[in-house]
Amino acid sequence: MTSVLRPAVSGQDQFTAGSYRPISTHLAIAPPVSVVIPAMNEAENLPYVFKTLPRWIHEVVLVDGNSTDDTVKVARELWPGVKVVEQRGKGKGDALITGFEACTGDIIVMVDADGSADGHEIVSYVSALVSGADFAKGSRFANGGGTDDMTPVRKLGNWALCTVVNRKFGARYTDLCYGYNAFWRHCLDRIDLDCTGFEVETLMNIRVVKAGLKVQEIPSHEYLRIHGASNLRAVRDGLRVLKVILKERSNRRSLRRRPRAAEIGSGTGEAS
């Protein structure tokens, strides 16, 4: 599925002084910020999620995955202007793509609905983007980051997959499978998301590197899910992530071979 969205506006001369919104004691921004929250039966967790969201953000887009509880009702009570989008497909990747398409902000922030992410950290992500980064990637293992919700097995698996991506794609990630990220809206035109499952986060991390986009890691702390059980399965989802990595590596090799094949063909007098 390809997302074709309006590029972010650049150039300070296109904004009036009154359009800047203070987001901290030392930073004011003009680009509107959209927060995308994919949720399915997260009514009990949403109060904790929305409590930490900064009031200066432009919009909250909640993607409802056919919840059977009061997820949508609670979201509207907590944030009256929330934009609710119904997910037609299945999977986290599908939910995020649906949410991205509904965003009107120039900066998009991805936040999980289980209460594991601290919305107060959004200012750090936005600061990195307005300072020149294309993609601000949360990391639980960068200096200042941390996690309360990772078993030794998952930590080892994340490290191994992260090492593979760094070596195969020339990345310098300290964390791979973490969904708290932010980016300029125009990046979606460069990474062409076509993944519907949990592994969408890995796909994004790989494709921003392949696209030559500037990535900055942001130290982030992951908290325990407050209510309910996670759908994450370490072995199953780890294998899906590995499959994405191998597929992207294979695609990269194919692209490298194409110019050489074309050159050989032109040298034999074949029609172009």
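For the residue classes used below, Ala, Val, Leu, Ile, Met, Phe, Trp, Tyr, Cys and Pro count as nonpolar, Asp, Glu, Lys and Arg as charged, and the others, Gly among them, as polar. The model is predicted: local features need pLDDT of at least 70, side-chain atom pairs count only at pLDDT 80 or more, and totals for chains, interfaces and linings use all residues. Numbering starts from 1 along each chain as its sequence is written, and side-chain values use heavy atoms, with hydrogens and water left out.

An open sheet of seven strands has the order β5-β4-β3-β6-β9-β7-β10, with mixed pairing. Strands (E, at least two residues) and helices (H or I, at least four) are DSSP runs numbered from the N terminus, and two strands pair if DSSP finds at least two bridges between them. At the edges, β5 (83–86) and β10 (215–219) each pair on one side only. Strands β7 (residues 135–139) and β9 (residues 181–184) are antiparallel partners over three bridges, one of which joins phenylalanine 135 to phenylalanine 183 in β9.

Turning to the cavity search, one cavity of 30 Å³ or more is found in the whole structure. A cavity here is a set of points, on a 1 Å grid over the protein atoms alone, where a 1.4 Å probe fits but cannot get out; lining residues have an atom within 4 Å of a point. Grid points are joined across faces, edges and corners, and the volume is the space filled by probe spheres set on the points. The largest cavity holds about 30 Å³. Its lining comprises Met110, Val111, Asp112, Ser116, Ala117, Tyr178, Gly179 and Tyr180, divided into five nonpolar, two polar and one charged.

Technical notes. On a 1 Å grid over the protein atoms alone, a cavity is a set of points where a 1.4 Å probe fits but cannot get out, and a pocket is an open set with protein on both sides within 12 Å along at least five of seven lines; lining residues have an atom within 4 Å of a point.
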